[in-house]
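Dear colleague,

I am handing over the structure below, and my notes on its pocket and its sheet follow. Please read them beside the coordinates.

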Amino acid sequence: MAYDVVASDEAIEQAQNALEQNGMRVTVAPDRAAASATVLELVPKGAEVFTATSKTLEALDLTKIFDESGDYDAIRPKLHALYGDPTKKSEQRKIAAAPDYVIGSVHAITQDGNVYVVSNTGSQLPAYAHGAGKVIWIVGAQKIVKDLAEAEKRVKDHVFALEDARAKEAYGHGSNISKILTIHKEVVPDRITIIIVKEALGF
């Protein structure tokens with residue numbers, strides 16, 4: 001199975017309809033520039049923002065915009081300032097768990113309206129699942145799969161090797177499929193927004 005091929009318009013529409021029925025807002029962007037513009041429209045200047053580690057955000061330069069521009073109350077620089085201090089572990093967990101906005105990506109979305117996220121540490125999962133006031137995911141349309149069985153297969157057969165290599169380069173050690181979050185439904189109106197991009201973004 002080719003995991004880097006952009007889904008058909010029919011598959012995108014089916015996923016969009018199913019996700020919306022499950023309480024998530026969905027926008028389809030024709031390209032990465034449109035996706036980036038949509039994100040910036042959704043997040044007001046000065047907002048508190050936690051950027052999850054994401055190759056997709058890097059590709060759209062959103063990590064730099066939110067964390068380095070000074071236009072936003074960026075969580076990640078605050079986390080970096082606390083690293084290495086064992087007395088600050090509790091503070092790190094708390095500020096990452098409940099930001100006003102969390103922005104990132106996911107590893108698969110299914111045509112029947114589920115979202116599938118895998119993590120080694122789980123650092124982004126509390127905000128995704130409940131803690132963040134608003135969740136924005138930018139998702140390349142190559143990540144659309146038929147169902148959760150294919151989502152799991154996509155991660156094991158494709159995503160893990162790429163993430164393991166990224167982690168080794170970034171941190172000096174590999175990754176693991178340690179924690180999995182599956183979102184079947186969002187009960188808070190307008191909390192989760194998914195921007196599906198008709199490009200292959202991230203992995």
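In these notes Ala, Val, Leu, Ile, Met, Phe, Trp, Tyr, Cys and Pro count as nonpolar, Asp, Glu, Lys and Arg as charged, and the others, Gly among them, as polar. The model is predicted, and local features need pLDDT of at least 70, side-chain atom pairs count only at pLDDT 80 or more, while totals for chains, interfaces and linings use all residues. Residues are numbered from 1 along each chain as its sequence is written, and side-chain values use heavy atoms, with hydrogens and water left out.

Of its 46 lining residues, T53, T121, S123, R166 and Y171 are the closest to the centre. By class, the lining has 19 nonpolar, 18 polar and nine charged residues. Helix α8 gives the most to this lining, with seven residues (helices are DSSP runs of H or I, at least four residues, and strands runs of E, at least two, numbered from the N terminus).

Four strands form an open sheet of mixed pairing in the order β8-β5-β6-β9, where two strands pair if DSSP finds at least two bridges between them. β6 and β9 run antiparallel and are joined by five bridges.

Best regards

Methods: On a 1 Å grid over the protein atoms alone, a cavity is a set of points where a 1.4 Å probe fits but cannot get out, and a pocket is an open set with protein on both sides within 12 Å along at least five of seven lines; lining residues have an atom within 4 Å of a point.
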